Amino acid sequence: MQTASPLTPSIGPWYKHRWPWLLMLGPALVVVAGVNLGFVAYMGQDAMVVDDYYKQGKAINQDLRRDRVASAMRLSFSAAYDPATEKLAGTLSSGGQALAAPFSIHLAHATQPQKDRKLDVIPDAAGHFSVALPLLERARWQVVVEGGKRDWRLAAAWHWPRQQALAIDADAPAVVH
């Protein structure tokens, strides 16, 4: 007659114990996270890569020329966004005088180009404008204000909603003696 010894536990198959499963959990989570990261990397595009750097450099020189024109005109732009009415309102002036010429406002999202917005604005005789702007996302926006004929340009960064209002003044023109 054989009796079971109380010191030796009954050993069952490995999958009935919790320790192998607990030890396999870490590597399994790493594999799932790696597959997820690979999917995100494959589906997301890098929008910052430019094909033609020479052409981009020439465009920067044109932008600098437009900045100098804005400085010579002593342009000043101010605007505030009201999320309740979904309107961007403000003024554009040249040397303290109202500028009633049409212009455009380009709002570029810091990281997602599909969220960029372009607004065409026609101010009244006093230089005031109000334009519809659907709900603006909390982000750092690059704001570029350009003349209707793209002959001048003002640019600045805007951290909305931390900065409720935006003011851009062209640099004073350099005095040559």
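This is a conversation about how features of a predicted model get their labels.

Colleague: What makes Arg-66 and Glu-146 a salt bridge?
Modeller: The closest N and O atoms are 2.6 Å apart. The cut-off is 4 Å between a side-chain nitrogen of Lys or Arg and a carboxyl oxygen of Asp or Glu. The pair therefore qualifies.

Colleague: What does this pair tie together?
Modeller: Arg-66 lies in helix H2 (residues 53-73) and Glu-146 in strand E7, so the pair ties together parts that are 80 residues apart in sequence.

Colleague: Why is Glu-146 called buried?
Modeller: Its relative accessible area is 8%. Buried means under 20%, so Glu-146 is buried. Arg-66 is buried too.

Colleague: Which other residue meets Glu-146 in a salt bridge?
Modeller: Arg-150 does, at 3.3 Å from N to O. That value is within 4 Å, so the label holds.

Colleague: Why does Arg-150 count as partly exposed?
Modeller: Its relative accessibility is 48%. Exposed needs over 50% and buried needs under 20%. Arg-150 falls in between, so it is partly exposed.

Colleague: How do you know that Asp-67 and Arg-153 form a salt bridge?
Modeller: Their closest N and O atoms are 2.9 Å apart, and the limit is 4 Å. The pair links distant parts of the chain, with Asp-67 in helix H2 and Arg-153 in strand E8, 86 residues apart.

Colleague: Are these two partners buried or partly exposed?
Modeller: Asp-67 has a relative accessible area of 22%, so it is partly exposed. Arg-153 has 16%, which is under 20%, so it is buried. The structure holds four salt bridges.

Colleague: What makes the sheet with E7 and E8 open?
Modeller: Four strands run in the order E5-E4-E7-E8, with antiparallel pairing. Strand E5 (117-121) and strand E8 (153-160) are the edges, and each pairs on one side only. The twist averages 20° from one strand to the next.

Colleague: How do you know that E4 and E7 pair?
Modeller: Pairing needs at least two bridges. Strand E4 (residues 103-109) and strand E7 (residues 139-147) have seven, in the antiparallel sense. Ser-104 stands opposite Glu-146 in E7.

Colleague: How many aromatic pairs are there?
Modeller: A search of the whole structure finds six. Among them is Phe-77 with Phe-103.

Colleague: Why is that pair called edge-to-face?
Modeller: The ring centres of Phe-77 and Phe-103 are 6.3 Å apart, and the limit for a pair is 6.5 Å. Phe-77 lies in strand E1 (residues 75-82) and Phe-103 in strand E4. Phe-77 is buried at 1%, and Phe-103 at 3%.

Colleague: What makes Tyr-81 and Trp-160 edge-to-face?
Modeller: Their planes are at 80°, which is over 60 degrees, and their centres are 5.2 Å apart. Tyr-81 lies in strand E1 and Trp-160 in strand E8. Tyr-81 is buried at 4%, and Trp-160 at 9%.

Key. Residues numbered from 1 in each chain as written. Predicted model: local features only at pLDDT ≥ 70, side-chain atom pairs only at ≥ 80, totals over all residues. Heavy atoms only, no water. Helix = DSSP H or I, 4+ residues; strand = E, 2+ residues; numbered from the N terminus. Axes fitted to C-alpha atoms, helices over the stretch in contact; angles between N-to-C directions. Buried < 20%, exposed > 50% of the residue type's maximum accessible area, 1.4 Å probe, protein only. Phe/Tyr/Trp six-rings, centres within 6.5 Å; stacked < 30°, edge-to-face > 60°.
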